[in-house]
Amino acid sequence: MPSAIAENLHAIREKIATAAQRAKRDPGEITLVAVSKTFPAEAVHQAVSAGITHFGENRVQEAESKFVQINTTLHLIGHLQSNKARRAAEIFNRIDSVDNLSIARKLNDAAKNRIGILIEVHQGEAAKSGAPEPDIPSLAREILNLPNLNLLGLMAIPPYFENPDLTRPYFKRLKSLHDEVAAALDKSLPILSMGMSHDFEIAIEEGATEIRIGTALFGLRNTWRSEIP
Ligand SMILES: *Cc1c(COP(=O)(O)O)cnc(C)c1O
């Protein structure tokens with residue numbers, strides 16, 4: 001019997017395909033990052049069995065204890081404190097929440113292999129993390145000088161709206177900033193990470209290449225129950 005996660009994944013994939021079709025995009029160019037924060041290792045194992053290969057966690061310590069001996073592409077999507085940069089560079093394959101030059105330098109110094117990163121853009125007044133929009137081009141330029149960091153694109157968490165269509169202008173804005181930065185640096189930035197459980201279809205219509213999905217895949221946080229066979 002397929003797990004609840006496998007069933008949820010199936011439904012999400014159908015929505016990804018439909019949204020991509022509306023935007024005349026290839027669904028194959030959209031990566032699903034399963035956000036497993038607060039869910040136990042058992043949930044991660046089920047997601048791996050269902051075919052998920054990218055996971056997102058927002059805390060270094062939690063990821064460290066959960067992802068022992070699980071071979072996936074692991075993304076840090078939460079704010080990174082400078083005293084955790086060294087450890088983060090060791091356990092994550094990607095850091096999607098770089099929002100200042102000082103943390104970028106720390107990651108660059110700590111990295112043993114070249115590490116892929118995204119710059120997190122601040123969107124919406126309530127957001128606690130992310131670099132301000134006007135700073136993005138210069139931050140991106142500085143990061144290009146750090147040899148152990150591979151700048152892949154931008155990420156943002158727009159404000160939450162009950163009606164996901166109200167998020168659309170934020171996605172449009174991030175997409176145009178992304179294109180602007182790529183043009184200014186004369187470098188291709190393949191990744192635009194935007195869209196979560198309630199608004200990923202809109203994000204795909206607006207050009208997301210990575211969506212970060214937690215509750216739509218795993219259920220509400222802090223309500224996980226083991227499936228008893
Ligand atoms: C928790 C989280 C998500 C997933 O949110 P859902 O609404 O559960 O899909 C995505 N991105 C970031 C940065 C998060 O912290």
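Q: Which residue just after H2 takes a positive phi?
A: First, a word on the ground rules: this is a predicted model, in which local features need pLDDT of at least 70 and side-chain atom pairs count only at pLDDT 80 or more, while totals for chains, interfaces and linings use all residues. Residues are numbered from 1 along each chain as its sequence is written, and side-chain values use heavy atoms, with hydrogens and water left out. Helices (H or I, at least four residues) and strands (E, at least two) are DSSP runs, numbered from the N terminus. Just after H2, with a positive phi of about 110°, comes Gly51.

Q: Why do the buried residues of H2 count as being on the same side of the helix?
A: Buried means under 20% relative accessible area, exposed over 50% and partly exposed in between (1.4 Å probe, protein chains only). In H2, residues 41-49, the buried ones are Ala43, Val44, Gln46 and Ala47. They lie on the same side of H2 because the arc they cover around the axis, taken from the directions from the helix axis to the C-beta atoms, is only 160°.

Q: Which elements do the buried residues of H2 pack against?
A: Contact here means heavy atoms within 4.5 Å. The partners are helix H1 (4-22), strand S2 (54-57), helix H3 (60-66) and helix H9 (215-218).

Q: Is Lys24, with its positive phi, buried or exposed?
A: Lys24 sits in the loop between H1 and strand S1 (31-35). Its phi is near 55°, a positive value in a residue other than glycine. At 77% relative accessibility, Lys24 counts as exposed.

Q: What is the relative accessibility of Gln69?
A: Gln69 belongs to the loop between H3 and strand S3 (73-76). Its phi is near 60°, a positive value in a residue other than glycine. Gln69 counts as exposed, at a relative accessibility of 85%.

Q: How do H6 and H7 lie relative to each other, roughly parallel or oblique?
A: The axes of H6 (residues 136-144) and H7 (residues 168-185) come within 10 Å and cross at roughly 45°. Axes are lines fitted to C-alpha atoms, for helices over the stretch in contact, and angles run from 0 to 180 degrees between N-to-C directions. Angles under 35 degrees count as roughly parallel, over 145 as roughly antiparallel, 65 to 115 as roughly perpendicular and the rest as oblique. That is why H6 is, relative to H7, oblique.

Q: Which residues of H7 make the contact with H6?
A: On the H6 side, the contact is made by Ile136, Pro137, Ala140, Arg141 and Leu144. Facing them from H7 are Leu177, Val181, Ala184 and Leu185.

Q: Which elements do the buried residues of H6 pack against?
A: The buried residues of H6 are Ile136, Leu139, Ala140 and Ile143. They cover an arc of only 100° around the axis, so they fall on the same side of H6. They pack against strand S4 (94-98), helix H5 (101-110), strand S5 (115-121), strand S6 (149-156) and H7.

Q: Is Glu120 buried or exposed?
A: Glu120 is part of strand S5. Its contacts beyond four places in sequence include Asp96, Ser129, Ile136 and Met155. At 2% relative accessibility, Glu120 counts as buried.

Q: Which residues does Arg173 touch, leaving out those up to four places away in sequence?
A: Arg173 is in helix H7. At 46% relative accessibility, Arg173 counts as partly exposed. The residues touched by Arg173 are Gln123 and Glu133.
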